[in-house]
Amino acid sequence: MKKDRPKRKKRWGWLIPVGILGLLIVFALGMLIVDTPNRREIAEMEIGQIDFSSLNDGTYTGSYIGTKGHMRDVTLTVTIENGVITDISIPDEALDEEGNPAELGEGVTAIGYLTRAAAAQSLGIDAVSGATLTSKTLLKALENALEQAQ
């Protein structure tokens, strides 16, 4: 007479989560490698000084367009009246799920960050923590717009 052996359960259930985790890691590393030249370009970029006391009235457009990648490209418009920045707009600003401007970090939007620079009358403001590279590209676009207003 044969003994009934207990059926062995296949233990493949762990393979799916591990496989998904592996794919996510490969994807993240791939994105990091692809973005590295762009990150380096922005990190080495210098932000110039602008004399905020000599701005001419008008509407000016400034852009930052990367040469090694375009993940952080930005174009903005600055309006100056009576020598003072009265409006900054970013036509293609990122929006959150509710249609509001997306935060860079610390509760600050791109427009809010640029408004800080206008209020300080300086491009030498601190970057938003966690969005250092994006902060630099925003300041570079603002610098390019304000250079036209000189």
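Helix 3 is largely enclosed by the rest of the structure, because 12 of its 17 residues are buried. Buried means under 20% relative accessible area, exposed means over 50%, and partly exposed is in between (1.4 Å probe, protein chains only). Helices (H or I, at least four residues) and strands (E, at least two) are DSSP runs, numbered from the N terminus. This is a predicted model: local features need pLDDT of at least 70, side-chain atom pairs count only at pLDDT 80 or more, and totals for chains, interfaces and linings use all residues. Residues are numbered from 1 along each chain as its sequence is written, and side-chain values use heavy atoms, with hydrogens and water left out.

**Helix 3**

The buried residues of helix 3 include Leu133, Leu138, Leu139, Leu142 and Leu146. From its first C-alpha to its last, helix 3 reaches 25 Å. That is close to the 24 Å expected at 1.5 Å a residue; the expected span is 1.5 Å times one less than the number of residues.

Threonine 137 lies in helix 3. Threonine 137 counts as buried because its relative accessibility is 1%. Its contacts are Ile42, Met45, Tyr64, Arg72 and Val74, leaving aside neighbours within four places in sequence. Contact means heavy atoms within 4.5 Å.

**The salt bridge**

How many salt bridges does a search of the whole structure find? The search finds one. The criterion is a side-chain nitrogen of Lys or Arg within 4 Å of a carboxyl oxygen of Asp or Glu. Lysine 140 pairs with glutamate 143, and the closest N and O atoms are 3.1 Å apart. Both residues lie in helix 3, three residues apart, about one turn of the helix. An α-helix has 3.6 residues a turn, so residues three or four places apart point the same way. Lysine 140 counts as buried at 17% relative accessibility. Glutamate 143 is buried too, with a relative accessible area of 5%.

Three strands form an open sheet in the order 1-2-3, with antiparallel pairing. Strand 1 and strand 3 are the edge strands, and each pairs on one side only. Neighbouring strands are turned by 25° against each other on average, direction ignored. Axes are lines fitted to C-alpha atoms, for helices over the stretch in contact, and angles run from 0 to 180 degrees between N-to-C directions.

Two strands pair if DSSP finds at least two bridges between them. Strand 1 and strand 2 pair over seven bridges. Five bridges join strand 2 to strand 3. Some of the facing residues are listed here.

| Residue | Stands opposite |
|---|---|
| Tyrosine 60 | Valine 78, strand 2 |
| Isoleucine 80 | Isoleucine 85, strand 3 |
| Glutamate 81 | Valine 84, strand 3 |

Strand 2 and strand 3 form a hairpin with two residues between them. Asparagine 82, in the turn, has a positive phi of about 55°.

Strand 2 is largely enclosed by the rest of the structure, because six of its eight residues are buried. Threonine 77 is found in strand 2. Threonine 77 is buried, with a relative accessible area of 19%. Not counting residues up to four places away in sequence, threonine 77 touches Thr59, Tyr60, Thr61, Asp87, Ile88 and Ser89.

**Helices on the sheet**

Helix 2 lies across strand 2 and strand 3, running at about 165° to strand 3. Helix 3 packs on the sheet and touches strand 1, strand 2 and strand 3. The direction of helix 3 makes about 140° with that of strand 1.

**The nonpolar core**

A nonpolar core is a set of buried Ala, Val, Leu, Ile, Met, Phe, Trp, Tyr and Cys residues joined through side-chain atoms within 4.5 Å. The largest one has 32 residues. Which members touch the most others? They are Leu55, Leu76, Val78, Ile80, Ile85, Leu142 and Leu146. Strand 1 (58–64), strand 2 (74–81), strand 3 (84–89), helix 2 (110–120) and helix 3 (132–148) each supply at least two residues of this core. The largest share, seven residues, comes from helix 3.

Isoleucine 85 touches Phe52, Leu55, Val78, Thr79, Ile80, Ala118 and Leu146, again not counting residues up to four places away in sequence.
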